[in-house]
Structure formats: structure tokens, C-alpha cells
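Me: I should like to learn how to read a structure of this kind, one feature at a time. Could we begin with the surroundings of a single residue?

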Amino acid sequence: MTLRWRCALIAALSAPALAADDAQLAQGKQLFGSATPACALCHTLGDASAAGSVGPSLDELKPDAARVATALRNGVGSMPSYKATLSDAQIAALARYVARASGGEK
Amino acid sequence: MNDSPIRLPRRHVLIGSVAAMAGVGLATWIRPALAQAKPLPAYAAWKTEPTLIVHTPNTIETRRNAFGTSVVTPTDRLYVRNNLSPPDAAIVANPNAWEVEIAGVKNPRKLSVRELKTMGIETVAMVLQCSGNGRGFFPSKPSGTPWTVGAAGCVVWSGVPLREVAQALGGVADGMAYITGTGGEKLPDGVDPKSVVVERSVPIKALPDALLAWELNGAPVPLAHGGPLRLVLPGYSGINNVKYVKRVAFAAAESDAKIMSHGYRVTPPGSQAEPSQPSVLEMSVKSWINAPSGDGDALVAGPVQIHGVAFGGTHAVQRVEVSTDGGKTWRDARLVGPDLGRYAWRQFAFTTRLSAGAHTLVSRATDAAGNVQPEARVENAGGYNNASWLDHAVKVSVA
């Protein structure tokens, strides 16, 4: 296989993966403002133009995706659990997005 | 505190170049450590920064080597944990004007702090400890601040006994089994208040010692610690001592606010929080060593005073033992300093000699009811109530 073909093959294989990744991040960003209660009401996250001051600033906290997902499932302190209102896929998307947007992604 | 020479009074700067150079040198030496630390939030800017670890603007921990041996924790070193951001500082400008609604009594009404001050006065020394103190020792890394030992302090509150307030309003209404306190934080618009409000219920058996407190360690309660008025429940973990308390209700059932029904529950690992699980309420017997702190103290072989704190939650401390071999052998420590009552902690000290090499120092307390501090933590999803003596061990290296 020539180098050109190899590059073309890699591009063809990774394009859908990249698109899925973008879609997940977009879904996460959308959920940040639409989950009930919306994350943006309580948290600051510059990427989402959110300036809530009830809970910690995510820009400062910089949580990784696992930390966000655990917080969403179990709640933390006065933050309620979203387990009953968000699906596992939605929690994963939101967690990915917050980790990426806050700079906490590992 | 700021070590920059810029803030030295002018006369110090003018003394001479030697002093000025010394100031610069010190600043340069300390700066790198401070530069990495997060700044104190504005509402707690008066605290003594080098004695604290700022995790987030609403979670600030006392350093293990900053507790001292004077029993009472100075307010400027006391930890802070706010579940929601504190209200505007304007509420502490005139503490007497703050009002609290008292419900579940024969004659419910609102009372100002000014009125409360005419109704009674009592003072209690007690351990104030965040429910999650020691969470940092859970290998499961639960959500929440990874406190080690410093989300605790021993403080003195003054206020009016809640029982006297209830009595003045005709007494507690029939059939009430709980005391519910509601915090006065501003809640965001568009959110079901019950999903975020800080509202906690404790069993009514806490009434005899409960206070509505306006004074902490001899000064009006600062905003950072719940001023102008805080519901104080000696023996109960921090969260139950509701800050900026705006409503106290005697109630037949626990609050259905999320922070009560699902928050602060002792949830088995891997499970979801449910109202049927035990709530985080009374503290249990616990101790830890503060010195040597293991935080880089330079230790040389020879005599040493091992000291720390011990408390029993709702019981007095009876006994503290210390081990210098990781818990294989134990010797009784001395209780030193004044006994400020069963809700306060006791300082303990143990005189020994440490040889060169590595040592694991631990303490183990026993309360007046005979409960012994356990070796193992009780695993739970939220990382609450860690009283394990093994987790609180100090590992030191002696030169």
C-alpha cells in the first residue's frame, strides 16, 4: 500500500469518529444549558457563557470527565443527582464537554 | 498575610538597605509556594493564608500543622465549607436586624437578632467538623473536597438556647419530631428551590443544647461562618449547623429538600443515595496527631512531644492512646489543657524519643460511653464520617 493510500484510508476511518466526537461535545454543551436544573444556573463556565455563582466555577475547578460524571450521578453537597433525568449517554456527553471546556480533560 | 516588602510600613523600609534586602530575599523565597496557591475569596480575605489550603472559593481547609495546642481554633485559621456561595456581605453590616422565622411552635413568628438577644444567653465550646473531613483518605476518591484533617476546628459559640425561644413562643407544637433549619443563601432563579436550598433536619433530641448563635470566638459571627445568625447543634456534623439561618421549624417529618433527602446520606459504594439510608448527623469518636505533622517538619533523633486532638461527638473523651509503630503497640497519652466540656475536643500529648529512621505515628481515642475509635473507615459513596485511626496516621522520617 502506498503512503498516499494509507493516508486516505486513515482519513476515511477517522472522519466518522471525529464527527461523533464533535456531536457528543455539542450535545454536552446543549445539555449544560438545558438539563433540569441547568448547570449554567449555578456554575461559571466561560465556554458556555455561563456565569452562575451558586456552585463552584468549573473554569477554576477544571474537573476531568470522570469527576463530572460521578457528580452528575450521585450529586455533591447541595448539587442534586441527575441520574433520574439524564441518560448514561447524556451524562457522558455532558461530562466530556465540561472536562474539555474547562480545561480539565486528561 | 502577605510577605511582599511592598506592604511593610515605611519606617521598616527606611531602616537600611540590609533590612530591605532581607525583605526581598524572604519574599523571593516564599513566592513560588504562594504563587501556586489559590487566593482566598473576598468574603474570607481576612483569614491567615499560610495556615490554610484553599481548595475552591467555598472550601478552605486548616493545615495540619496550624492547629496549635490552645484548644480553641482561632477564627482566622478555621476551615470554611459553604454549600452555596455566601449571601451579600451587607447582611452582616447590621447583625441585629437579621430576622429568623420560628415555625412549629404554638405561636409562630419572626424574631430579629435584637429580640433574640433579650431572650437568653448560653455559650458552648464544640468541635465543628465538616461531614467530609477525612474524605481525602478514601481510596475510592468520592466526589467532593478531598479534606484530610483540616475541615474541623474547636470553636466557642454564644447565642440564645433554641429551647428558650420555643418556650417563649408557647412551646413546641404537638407531634414534632425534628428541628429543620433553612439557610438564607440567595437561590438561582429558574431552579426548584428544594433542589438546591441548604435545609437540614435533625432529631428533636438535639433541642436541649441547640443555640441560635450570633457570636463566634468572642466576635460577631463573620459571613464566612454563617453570620449574622447560625443554628448551632453541638455534636452534629458541620452541614447540620445551618448558616445565615432564616427559618427554624419544628416539624413532624424530615425536610424533603434534596440536600436532606438524598444529600449527606451514608450510601453504600456503587449505590444511589436514598432517604432510607442513614443521614450524616452525630459525629463519632475520633482523634488525630497534629505534630509532628508529617508536612516536612525537620525531625532529629531524640525527645519529641507528639500532640493532637481528640473528641467524642456527643460524648466526652475518656482516653487517648498513641502508637509510634503504626498501631502494633499503644501507650496512654496525657490530656492537656482545659476541658471545655463534652462537645469540645481535648488536646493530648505523648512524650517519647524517636530514633533515626521511618516511624508511623497514630492516635486512638475512646469516649465516655466506651466507644473506641475504629481502625477502618466505613466505606460509603460520599466519603463521609471518616474516623479511621489508620487513615489519620502520620508518617515521619527522623534524621
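Me: Which residues does A:R96 touch, not counting residues up to four places away in sequence?

Reply: In this predicted model, A:R96 touches A:D21, A:Q24, A:L25, A:A65 and A:E105 once residues up to four places away are set aside. A:R96 itself belongs to helix 5 of chain A, residues 88-102.

Me: Is A:R96 buried or exposed?

Reply: The cut-off for buried is under 20% relative accessible area. A:R96 has 18% relative accessibility, so it counts as buried.

Me: Which residue meets the side chain of A:R96 in a salt bridge?

Reply: The partner is A:D21, with an N to O distance of 2.7 Å. Because A:D21 lies in helix 1 (residues 3-34) and A:R96 in helix 5 of chain A, the pair ties together parts that are 75 residues apart in sequence. A:D21, at 22% relative accessibility, counts as partly exposed.

Me: What other salt bridges should I inspect?

Reply: Over all chains, the search of the whole structure finds 21 salt bridges. One of them pairs A:D64 with A:K106, the closest N and O atoms being 2.9 Å apart. A:D64 lies in the loop between helix 3 (58-61) and helix 4 (65-74), and A:K106 in the segment after helix 5 of chain A, so this pair ties together parts 42 residues apart in sequence. A:D64 is buried at 17%, whereas A:K106 is exposed at 85%.

In chain B, a salt bridge joins B:K194 and B:D256, with the closest N and O atoms 3.0 Å apart. B:K194 is in helix 5 of chain B and B:D256 in the loop between strand 13 (245-251) and helix 6, distant parts of the chain that are 62 residues apart. B:K194 is partly exposed, at 36%, and B:D256 is exposed, at 54%. Returning to chain A, A:D21, A:R96, A:R100 and A:E105 form one network of salt bridges that share partners.

Me: How is the interface between the chains described?

Reply: The size of an interface is often given as the accessible area lost when the parts come together. Here the area buried between chain B and chain A is about 1600 Å², with 57% from carbon and sulfur atoms. In chain B, B:S143, B:P188 and B:Q272 lose the most area to chain A, together 28% of what that side buries. Between the two chains there are zero salt bridges and four residue pairs in polar contact, both residues being at pLDDT 80 or more. On the side of chain B that touches chain A, seven residues are nonpolar, 11 polar and five charged.

Me: How much confidence does the predictor assign?

Reply: The complex has an ipTM of 0.70 and a pTM of 0.86. Chain B has a mean pLDDT of 90, and 91% of its residues reach 70 or more. Over residues 1-35 of chain B, however, the pLDDT is below 50. Where pLDDT is low, the predicted coordinates should not be read in detail.

Conventions: Residues are numbered from 1 along each chain as its sequence is written. Chains are lettered from A and ligands numbered from 1 in the order in which they are written. Side-chain values use heavy atoms; hydrogens and water are left out. Buried area is the accessible area (1.4 Å probe) that two parts lose on being put together, summed over both. A salt bridge is a side-chain nitrogen of Lys or Arg within 4 Å of a carboxyl oxygen of Asp or Glu. A polar contact is a pair of N or O atoms within 3.5 Å; within protein, one must be able to donate a hydrogen and the other to accept it, and residues adjacent in sequence count only if both atoms are side-chain atoms. Ala, Val, Leu, Ile, Met, Phe, Trp, Tyr, Cys and Pro count as nonpolar, Asp, Glu, Lys and Arg as charged, and the others, Gly among them, as polar. pLDDT is the predictor's confidence in each residue, from 0 to 100. Contact means heavy atoms within 4.5 Å. Helices (H or I, at least four residues) and strands (E, at least two) are DSSP runs, numbered from the N terminus. Buried means under 20% relative accessible area, exposed over 50%, partly exposed in between (1.4 Å probe, protein chains only).
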